[in-house]
Amino acid sequence: LQLLEQQVVGGEQAKNKDLKEKHKRRKKYADERRLQLVAALQESNEDSSEQVLLNVYDSIQEEVRAKSKMLEKMQEKLRAAETEIKDLQLEFGLEKMDYLSTIRRQERDLMLCQQLLDQVQSLVRRDCNYSNLEKIRRESVWDEESGCWKIPDPVIQKTHLP
């Protein structure tokens with residue numbers, strides 16, 4: 001009776017160390033695989049969690065349907081990304097055009113100011129410090145706090161003859 005009981009409950013393999021070791025390895029591998037799947041599911045979003053779970057199929061048709069569905073989702077994501085890229089390129093293109101027009105307008109304003117200075121400089125008295133524009137530029141200082149140039153005050157130098 002005891003012999004029959006051992007064969008039914010554990011059988012002859014109950015004391016087999018190789019079988020026990022094999023069972024432990026399989027259990028350890030299953031636990032590792034389960035932990036990998038849990039980690040993959042936690043890291044991924046809902047769409048990619050379906051991809052992890054779709055690896056076991058009953059038939060080829062089911063696998064084809066699942067992979068076709070996954071392909072459609074990826075193509076949809078690709079189209080959304082391409083649309084996003086086009087929108088960003090259009091937006092950057094508009095900003096670039098705006099910057100270029102601003103630069104052109106500032107260059108025109110600068111040329112106007114330069115031409116006005118050239119015309120007005122001949123009208124300034126020779127004994128005034130503003131008659132020499134290069135000297136005024138050297139003496140001017142940029143003020144960071146106010147955000148403007150500090151230009152020397154105009155001074156007229158009169159010479160007195162004895």
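How many salt bridges does a search of the whole structure find? The search turns up 3, a salt bridge being a side-chain nitrogen of Lys or Arg within 4 Å of a carboxyl oxygen of Asp or Glu.

Before we go on: this is a predicted model, where local features need pLDDT of at least 70 and side-chain atom pairs count only at pLDDT 80 or more, while totals for chains, interfaces and linings use all residues. Residues are numbered from 1 along each chain as its sequence is written, and side-chain values use heavy atoms, with hydrogens and water left out.

Here are the pairs:

| Salt bridge | N to O distance |
|---|---|
| Glu63 and Lys67 | 3.1 Å |
| Glu134 and Arg137 | 3.1 Å |
| Asp143 and Lys150 | 3.9 Å |

Glu63 and Lys67 sit 4 residues apart in helix α4, so about one helical turn separates them. (A helix here is a DSSP run of H or I with at least four residues, numbered from the N terminus.) Glu134 and Arg137 are 3 residues apart in helix α5 (residues 133-139), again about one turn.

How covered up are they? Asp143 counts as partly exposed because its relative accessibility is 22%; that label covers what lies between buried (under 20% relative accessible area) and exposed (over 50%), using a 1.4 Å probe and protein chains only. Lys150 is partly exposed too, at 44%, and so is Glu63, at 27%.

Glu84, Asp87, Glu91, Glu95 and Asp98 gather in a negative surface patch; patch members have over 30% relative accessible area and no salt bridge, and like charges are joined within 9 Å. Asp98 belongs to helix α4 (residues 60-121) and is partly exposed, at 45% relative accessibility.

Conventions
Patch = residues over 30% accessible without salt bridge, like charges linked within 9 Å, V, L, I, M, F, W, Y side chains within 5 Å. Areas by Shrake-Rupley, 256 points an atom, 1.4 Å probe, with all protein chains shown as cover. Lys, Arg positive; Asp, Glu negative; His and termini not counted. Charge placed at Lys NZ, Arg CZ, Asp CG, Glu CD. Helix = DSSP H or I, 4+ residues; strand = E, 2+ residues; numbered from the N terminus.
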